[in-house]
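Me: I would like to go through this model with you, one topic at a time. Could you keep the answers plain?

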Amino acid sequence: MYEIRRFFRRSRNQKSGYRGLFPTQSKRTCFCFLIVVWFMSVGATTIEKHPLSPANTDSPRTTLKTFIESVDKAYHLYISGQRKNKKIDYYGYRAIGCLDLSKVAPSLLLDTGTESVLLLKEVLDRIEIPPYEKIPDRAAMQNEEFKKWVIPHTAITIALVKEEPRQGEYLFTADTIEQLKSFYDRVEHLPYKPGSSVEFYNDYIMGSGWMIPGNLIHALPQFFKKKIYGQAVWQWFGMLLVLFLGAAIAMLVYRLTRRKVTQQTDEAILRLFFRKMLFPLGLAIISLLIEYLLKDQINITGQLLTIILFADEIVFFVATAWIINLIDNAIAEWIISKPSIQDNSIDANLIRISSRVITIVIFFMLLLNVTKDLGISLTAIFASAGIVGLALALAARETIANFFGGISILVDRPFRTGDFIILDSGERGEVLEVGLRSTRIITRDDVQISVPNYRITEAKIINESVPKNRFRVRIKAGVAYGSDADQVEELLLQTAKSNQLVTRYPEPRVRLRSFGDSALEFELLCWAYKPESKGKLIHQLNRGIYKAFNTAGIAIPFPQRDVHLIKEDDIGDTAE
């Protein structure tokens, strides 16, 4: 039902607080011996046969009876010196099983459950309770319109639970659990009834763990045993000391991680990574140690423990998230450092984005786990965030469109980093980087252009670098009619083949395209190794062709028109 490994686990002062129940030491010893013998002979049989049997909570009568008997049995085993007896754990399970702890954070179930059991027992030991036969049983509650019972003259209520996982059980209500401290403060001055578990609660909250000897606490001056806001003075001092030492160690670790690395070798980078890991890892370990020391050794209880654990859980969450982020980034950069992946390529960007998405998912799962442990429901937060998110989505729709546009580019890959593309607006350039918001292009004029991703996903893009990283160049050359066509073709091929920017395969080729008005129109077809060589190659080929034609005496014609001028007299004579 609930974890109770440490129930009634601390070392206690047994000499104070029991005189009202046992007038003499000999009588107390004799009484305890008889009680223990009876429990071991009668109660042990039940535990051995049914070690997992839950508390009987089918009516207010059985719930109250089970609770009181379970605490009394655990108390008598405790004062008899059997603190490590497993029967104490068994009775602890049964006592906590009588409480509705649905409003308590899972991380505080053990401490809150234990403290609530002792507080409730302290109250019940001081007030008048009706005999069991006058408390409604299961049959009586079936006829009751309201499925609850209140101890007369109090607000202590046992009610039917209507929700899972405790549906159908009669438990001390969650509201009763929340008010137990105020109930205890109002009855603390009252005397114990005979047979009570005397000073069991005070002994619990004033005790310490195994690291702090009970004799040392008992030997402290009375001032250090005074309670301030539910904690002893020595506990306040111990808590402040632990928090101070934790903060001092954290600051020391932080200063060690601030040293700079001047070298850029693999070994230096690896040392830098571990140095960055040192602070969040130390922070996580320190938070765990602080929680252990304050809960299990100094024994901080009540609302103060809730506040400390809440802050400690937040620190642990931040440290863990920090560690996850560092590891995730390191793995991504290690993959990108492979020779087959360029640093600013689309593959590298896709790896980084995937790494960030994985990190966010892990963060979200970690956040769910932490909030669950702290008893915080994210349902209401998400419901409120839905309205705010809708407003933000409308206000930042272009930003969101750019983000998903970037994801689309990285997945669809219409181009890569380093490709030469032509936008539908006419700009031509090399792709520098594909980001989450925009794609950056540098033109041949060394002008950088940033284009929103959503515009690129909607535009027509010409990629000159795919499917193969070469570019076809067309050079038109017109020669005069009467020129030797074979010679012209040979000169064009030689000019292309002698140029270092032209690929050897596919080979250059020449085509006679048409008979123009004033020239034979040839076209030289060849391929540049890279699209960025296009301009330079056209320039070199045009110069080479012009020189070759001049040397060979091949004329390059230009458009000509014959204009005939006619005098007016000639026009008249013609008309006659």
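Me: To begin, is His-153 buried or exposed?

Reply: His-153 is exposed, its relative accessible area being 84%. Exposed means over 50% relative accessible area, buried under 20%, and partly exposed in between, with a 1.4 Å probe and protein chains only. Please note that this is a predicted model, in which local features need pLDDT of at least 70 and side-chain atom pairs count only at pLDDT 80 or more, while totals for chains, interfaces and linings use all residues. Residues are numbered from 1 along each chain as its sequence is written, and side-chain values use heavy atoms, without hydrogens and water.

Me: Where does His-153 sit, and what is its phi?

Reply: His-153 is in the loop between β1 (148-150) and β2. Its phi is near 65°, a positive value in a residue other than glycine. Helices (H or I, at least four residues) and strands (E, at least two) are DSSP runs, numbered from the N terminus.

Me: And what about Asn-299: what is its phi, and is it buried or exposed?

Reply: Asn-299 likewise has a positive phi, near 65°. Asn-299 lies in the loop between α11 (266-297) and α12, and it counts as buried because its relative accessibility is 0%. Most residues other than glycine have a negative phi, and most peptide bonds are trans.

Me: Which peptide bonds are cis, then?

Reply: One of them joins Glu-164 and Pro-165, with omega about 5°; Pro-165 is in the loop between β2 (157-160) and β3 (170-172). Another runs from Tyr-505 to Pro-506, with omega near 0°, and Pro-506 belongs to the loop between α17 and β12 (509-515).

Me: On to charges. How many salt bridges are there?

Reply: There are 13 salt bridges in the structure, each being a side-chain nitrogen of Lys or Arg within 4 Å of a carboxyl oxygen of Asp or Glu. Among them is the pair Lys-103 and Asp-175, whose closest N and O atoms are 3.1 Å apart. Lys-103 lies in the loop between α3 (86-96) and α4 (109-124) and Asp-175 in helix α6 (residues 174-178), so this pair ties together parts that are 72 residues apart in sequence. Lys-103 is exposed at 54%, whereas Asp-175 is partly exposed at 41%.

Me: What separates Lys-181 and Asp-185?

Reply: About one helical turn, because they are four residues apart in helix α7 (residues 180-187). Lys-181 and Asp-185 form a salt bridge too, with closest N and O atoms 3.0 Å apart.

Me: Which strands hold Glu-523 and Arg-474?

Reply: These two side chains meet in a salt bridge at 3.8 Å, N to O. Glu-523 is in strand β13 (residues 520-528) and Arg-474 in strand β11 (residues 471-479), so the pair ties together parts that are 49 residues apart in sequence. Glu-523 is buried at 6% relative accessibility, while Arg-474 is partly exposed at 47%. Elsewhere, salt bridges that share partners join Asp-72, Lys-121 and Asp-125 into one network.

Me: Last topic: how many residues of α2 are buried?

Reply: In α2, 17 of its 20 residues are buried, and the helix is mostly covered. Its end C-alpha atoms are 29 Å apart, which agrees with the 28 Å that residues 60-79 should span at 1.5 Å a residue; the expected span is 1.5 Å times one less than the number of residues.
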